[in-house]
There are 2 protein chains.
Amino acid sequence: MFSAYNFFQLARRATAGAAIYLLALAPLHAQSDPLPSWNDTAPKAAIVAFVEKVTMESSPDFVPESERIAVFDNDGTLWVEHPAYTQFAFALDRVKAEAPAHPEWKDTQPFKAALEGDMKALAAAGEKGLVELIMATHAGMTSDEFQKVVSDWIATARDPRFEKPYTELVYQPMLELLTYLRANGFKTYIVSGGGIEFMRPWVEQVYGVPPEQVLGSSIKTQFEMRNGTPTLFRLPEVNFIDDKAGKPVGINAHIGRRPIAAFGNSDGDLEMLQWTTLAGETARFGMIIHHTDADREYAYDRDTEFGRLDKALDAAAINKWTVVDMKADWKQVFPDK
Amino acid sequence: MFSAYNFFQLARRATAGAAIYLLALAPLHAQSDPLPSWNDTAPKAAIVAFVEKVTMESSPDFVPESERIAVFDNDGTLWVEHPAYTQFAFALDRVKAEAPAHPEWKDTQPFKAALEGDMKALAAAGEKGLVELIMATHAGMTSDEFQKVVSDWIATARDPRFEKPYTELVYQPMLELLTYLRANGFKTYIVSGGGIEFMRPWVEQVYGVPPEQVLGSSIKTQFEMRNGTPTLFRLPEVNFIDDKAGKPVGINAHIGRRPIAAFGNSDGDLEMLQWTTLAGETARFGMIIHHTDADREYAYDRDTEFGRLDKALDAAAINKWTVVDMKADWKQVFPDK
């Protein structure tokens with residue numbers, strides 16, 4: 001976390017307009033290479049070429065700063081999504097934490113499976129079971145209370161394989177890319193299938209993306225005055241699923257401009273990439289992160305149920321989206337300790 | 001429009017960081033008084049005192065720039081809402097424009113009433129009738145098509161009493177307030193009960209508020225690839241009503257931070273003012289525009305069905321929100337031609 005945090009402190013100073021200050025402090029290498037964790041392969045060249053052509057005022061592809069919107073998927077694009085979405089690990093931990101108040105869960109699926117860590121039974125419970133787990137652990141409290149639960153969890157939970165906080169399992173090349181885009185006048189947004197309120201408590205510190213630039217799936221909330229205090233109470237009812245064809249809907253509702261760059265890693269990002277790159281009058285950029293690195297991270301694509309990358313990989317070839325081969329194109333996967 | 005437009009061109013330059021440039025150009029008076037259309041009465045003093053205490057680093061009430069979120073209602077707070085919401089005038093004009101393709105409307109309510117300008121029959125059609133009009137005129141096309149329809153209409157339509165474009169019937173004191181807040185590091189949002197896609201095509205030019213800082217009511221949209229082109233198709237189904245208790249819900253969903261200042265003019269803004277001012281750890285500011293000026297604009301409050309200001313006026317007294325008496329507190333209502 002330390003290095004990512006320091007990195008963003010530096011980045012924030014830079015994007016706050018004190019670029020000169022940064023140049024004075026940074027070693028020569030950082031000046032000449034904004035993407036040091038990327039190998040000098042095609043994806044890095046494509047990113048730099050795109051940024052240069054839309055930011056140079058003399059370029060025929062120049063795009064004014066207000067239109068420089070870049071959207072990023074989160075799970076599998078900015079941080080690890082294997083072997084299960086981090087939010088799923090959160091839900092399982094919350095079931096365990098709340099179990100004493102729900103003795104009936106010991107004998108009721110999918111809670112029984114969650115408590116016993118029985119992944120097979122959890123899988124058998126399907127989407128219906130997943131929604132039940134989410135509602136039981138994400139609703140029934142105020143938005144302020146939920147924010148605290150998430151903040152406490154994310155500060156202490158550890159990924160079982162890497163034995164690190166999940167917020168350290170973010171991709172160093174993508175952190176550099178976010179910073180590079182912001183330094184070039186882009187507004188960076190997260191557009192995730194994950195829960196919007198699950199991300200907001202930590203993404204600003206980790207990615208430098210403020211809460212108002214986070215889009216995600218949501219449950220309904222209800223405004224109530226409770227003893228004179230205004231609260232939003234989280235209801236056990238789905239409001240919006242910000243995935244697949246939901247992503248362009250969410251982008252239009254929330255941003256109201258068509259992004260000029262989109263970054264994803266799965267079929268859940270296909271429509272976002274289509275919406276971003278296949279219309280609009282100015283230059284566009286689409287990128288797919290292909291997980292090819294079982295040693296340093298994971299390798300999965302078409303033949304995997306989880307995090308499926310199939311149609312979007314075909315579409316990348318047709319639409320000339322840049323495909324990142326994690327193993328070949330990333331010099332480093334995670335931030336230094 | 002010209003003066004408002006020039007005003008914003010100037011304001012944008014200023015907020016883009018070139019404050020020195022503005023100071024060099026502006027007359028002395030503009031330097032010393034950021035709110036020249038406000039009389040030197042209590043509301044102006046309250047605004048300035050609030051802005052100074054949250055922006056001075058030495059102040060115990062200092063608020064970092066990222067938390068300086070200000071939310072504004074639109075109808076009746078930033079522009080005229082009488083004798084009918086502008087969006088309603090838009091819907092009636094659209095019914096007339098679309099009537100040749102819908103011969104059945106001549107004999108079907110509420111369309112018959114809309115075509116004949118029969119306000120009594122329209123009122124009798126109630127909320128159900130209104131929703132029918134909205135769906136018939138706001139759905140059944142892509143979001144790009146709707147944006148063009150709105151842009152074309154707003155450029156040509158005229159308010160019947162003032163015989164001016166609606167975008168000239170914005171409140172000069174509120175334009176100054178928006179600019180003043182932005183110059184002091186606030187992010188200004190519109191949080192309107194009106195349609196989000198009805199506002200976005202013109203609010204950036206008129207108020208200096210970019211599309212991503214506009215919240216409003218919405219209908220559902222659906223992503224579709226049409227002959228290889230990604231489109232969002234507008235469905236005749238309500239998605240979200242951004243009014244009353246919906247305003248805090250929308251603010252939390254969209255911004256994810258609690259605003260520190262809120263500006264409204266009716267009971268539809270009550271919950272937004274409560275959410276903004278009655279919780280949170282830093283200083284807060286709430287303001288109600290009270291329409292008291294029948295000569296220059298309109299006078300209405302508790303006893304009016306339309307734009308009702310009743311509970312929110314009582315709440316203002318209890319919660320020490322600033323109430324603007326339009327007649328007494330505003331030197332000028334509309335921008336100079």
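Which residue has its backbone oxygen 3.5 Å from a polar atom of the side chain of A:Asn265? That residue is A:Gly76, and we'll come back to its surroundings in a moment.

First, some ground rules. This is a predicted model, in which local features need pLDDT of at least 70 and side-chain atom pairs count only at pLDDT 80 or more, while totals for chains, interfaces and linings use all residues. Residues are numbered from 1 along each chain as its sequence is written, chains are lettered from A and ligands numbered from 1 in the order in which they are written, and side-chain values use heavy atoms, with hydrogens and water left out.

Back to A:Asn265. Look for it in the loop between β5 (261-264) and α12 (270-277) of chain A; helices (H or I, at least four residues) and strands (E, at least two) are DSSP runs, numbered from the N terminus. A:Asn265 counts as buried, at 1% relative accessibility. Here, buried means under 20% relative accessible area, exposed means over 50%, and partly exposed is in between (1.4 Å probe, protein chains only). The side chain of A:Asn265 also makes a polar contact of 2.9 Å with the side chain of A:Glu81. A polar contact is a pair of N or O atoms within 3.5 Å; within protein, one must be able to donate a hydrogen and the other to accept it, and residues adjacent in sequence count only if both atoms are side-chain atoms. Leaving aside residues up to four places away in sequence, A:Asn265 touches several others, among them A:Asp73, A:Thr77, A:His291 and A:Tyr300. Contact means heavy atoms within 4.5 Å.

Now for the charges. Side chains of opposite charge can pair when their charged atoms come close. Across all chains there are 40 salt bridges, each being a side-chain nitrogen of Lys or Arg within 4 Å of a carboxyl oxygen of Asp or Glu. One of them joins A:Arg257 to A:Glu67 (3.1 Å, N to O). A:Arg257 sits in the loop between α11 (246-254) and β5 of chain A, and A:Glu67 in the loop between α4 (42-55) and β1 (69-72), so this pair ties together parts that are 190 residues apart in sequence. A:Arg257 is buried at 8%, whereas A:Glu67 is partly exposed at 30%. Salt bridges with shared partners link A:Glu67, A:Lys187, A:Arg257, B:Glu204 and B:Glu212 into one network.

Another salt bridge pairs A:Arg258 with B:Asp144, with 3.5 Å between the closest N and O atoms. This pair crosses between chains, running from helix α8 (residues 143-156) of chain B to the loop between α11 and β5 of chain A. A:Arg258 is buried at 13%, and B:Asp144 is partly exposed at 46%.

How are the two chains arranged? Chain A superposes on chain B by a rotation of 180° with 0.0 Å of shift along its axis (RMSD 0.0 Å), using least squares on the C-alpha atoms of residues with pLDDT of at least 70 in both. The copies are therefore related as by a two-fold rotation axis. In chain A, A:His254 has the C-alpha nearest that axis, 3.3 Å away. Both copies use the same surface, with 100% of the contact residues of chain A recurring in chain B.

Finally, turn to helix α10 (residues 196-207) of chain B. Nine of its twelve residues are buried, so the helix is largely enclosed by the rest of the structure. The buried ones include B:Phe198, B:Trp202 and B:Tyr207. Just after α10(B), B:Gly208 takes a positive phi of about 75°.
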